[in-house]
Amino acid sequence: MMFARIAGVGSYLPGQPVSNDDLVARGIDTSDEWIVSRSGIRSRHLADAMTASSDLAFAASQRALEAAGVDPDTLDLIIVATSTPDYVFPSVACLLQGRLGNAGATAFDVQAVCSGFVYALTIAEKFIRAGGHRRALVVGAEVFSRILDWQDRSTCVLFGDGAGAVVLEASETPGIMASALHADGSYQGILNVPGHVCGGKVLGDPVLRMDGQAVFRFAVKALAEVAEECCASAGIAPAEVDWLIPHQANIRIIEATARKLGFGMERVIVTVDRHGNTSAASIPLALDAAVRDGRIRRGQKVLLEGVGGGFTWGAVLLEF
Ligand code: ACO
């Protein structure tokens, strides 16, 4: 049986960290105490006006390719998960492909907001297992700062920019063991960016709107359920998983999910304190941090899980 296995991981964060006090200094009516107590976020990175998702994706991809020891020419699939693409089209995946100097690989974007990376990874795994593709670059890249209402203190303090990438390739050994993806469009109203381009103008409200408490409740339930579903389909108990990497939205969501699943926080990778919520980039950013600092090692079982606008949610269980 053909498996798909992560061969290398990389990530990139733009500029210097922006602390909560820096946001106060920029005129946002908030405090470090409020942000830390409600979300666990202490700082985030914000891209400058000249930096787009494809720039972050390119930098993260170079690091993942280097970690895997792989030449971009050998990629036959490029998938970018993003809700903040450079343009309406072409896709970030095609822009990235052009910059990597790869020609001919299948390349497309996936839009599942904060679940985007688990969606993209699952899609890449299915391409590889189907046999037509052997080596994929899977990226989560976001400049969420572009779609925030900086006058809305209840949302703008929660997000950040960044990118993470993995090289996924065909392997005789696991690899991805199981995955589960879900969506329920009836929850579209609790988290959205309800604007669009029409006739050369932006119509609607092109910034993020969120019912924070409704999102909180939905996220904890969905993350706990999908983690259990994914483990069950691989035939293992959550207790056998070495590391949980939940979407990094809010430390209280992460802690509540870990509690429901019986995970001690010493088995949970947390980067939300220094990255904020980077949407589709959050999981590969956290994975890369934990691989590079030596916590996640080859052969360990890692459970990735995300939840986001749509609503979408999903999980991937893998042996690293
Ligand atoms: N600084 C200071 N005060 C603030 C701020 C701020 N940045 N934002 C809101 N407040 C005030 C409000 O005005 C309100 O004041 P009032 O009581 O005088 O009216 C008070 O704080 C409480 O506001 P609530 O919205 O009730 O605060 P809550 O405790 O619900 O926390 C939060 C808000 C952090 C958004 C919470 O609901 C939450 O964590 N939700 C999850 C949302 C999330 O993580 N989303 C990420 C995107 S979705 C995803 O990735 C899955």
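Reader: What makes the contact between D288 and R292 a salt bridge?

Author: The closest N and O atoms of D288 and R292 are 2.7 Å apart. A salt bridge is a side-chain nitrogen of Lys or Arg within 4 Å of a carboxyl oxygen of Asp or Glu, so the pair D288 and R292 qualifies. The model is predicted, so local features need pLDDT of at least 70 and side-chain atom pairs pLDDT 80 or more, whereas totals for chains, interfaces and linings use all residues. Residues are numbered from 1 along each chain as its sequence is written, and side-chain values use heavy atoms, with hydrogens and water left out.

Reader: Where do D288 and R292 lie, and why is D288 called buried but R292 exposed?

Author: Both residues lie in helix α10 (residues 282-292), four residues apart, which is about one helical turn. Helices (H or I, at least four residues) and strands (E, at least two) are DSSP runs, numbered from the N terminus. Buried means under 20% relative accessible area, exposed over 50%, and partly exposed in between (1.4 Å probe, protein chains only). D288 has 4% and is therefore buried, while R292 has 52% and is therefore exposed.

Reader: How many salt bridges are there in the whole structure, and what makes the pair D152 and R209 one of them?

Author: A search of the whole structure finds 10. The closest N and O atoms of D152 and R209 are 3.8 Å apart, a value within the 4 Å limit. D152, with 19% relative accessibility, counts as buried, and R209, with 27%, counts as partly exposed. D149, D152, D205 and R209 are linked in a network of salt bridges.

Reader: What makes V88, F89, V197 and V202 a patch?

Author: They form a nonpolar patch on the surface, with about 480 Å² of accessible area together. Patches are made of residues with over 30% relative accessible area and no salt bridge, like charges being joined within 9 Å and nonpolar side chains (Val, Leu, Ile, Met, Phe, Trp, Tyr) within 5 Å. F89, in the loop between β4 (77-81) and α4 (92-100), has 69% relative accessible area and is therefore exposed.

Reader: How do you know which residues are closest to the centre of the largest pocket, and how much space lies in it?

Author: About 800 Å³ lies in the largest pocket. Of the 30 residues that line it, S83, P85, Q111, I147 and V193 are the closest to its centre. On a 1 Å grid over the protein atoms alone, with a 1.4 Å probe, a pocket is an open set of points with protein on both sides within 12 Å along at least five of seven lines, and lining residues have an atom within 4 Å of a point. The elements giving two or more residues to this lining are β5 (106-110), β9 (191-192) and β10 (195-198), and the largest share, three residues, comes from β10.

Reader: Which peptide bond is cis at G175, and which at F311?

Author: The bond from P174 to G175 is cis, with omega near 0°, and G175 lies in the loop between β7 (161-171) and β8 (176-183). A cis bond also joins G310 and F311, with omega about -10°; F311 lies in the loop between β14 (301-308) and β15 (312-319).

Conventions: Areas by Shrake-Rupley, 256 points an atom, 1.4 Å probe, with all protein chains shown as cover. Points joined across faces, edges and corners; volume = space filled by probe spheres on them.
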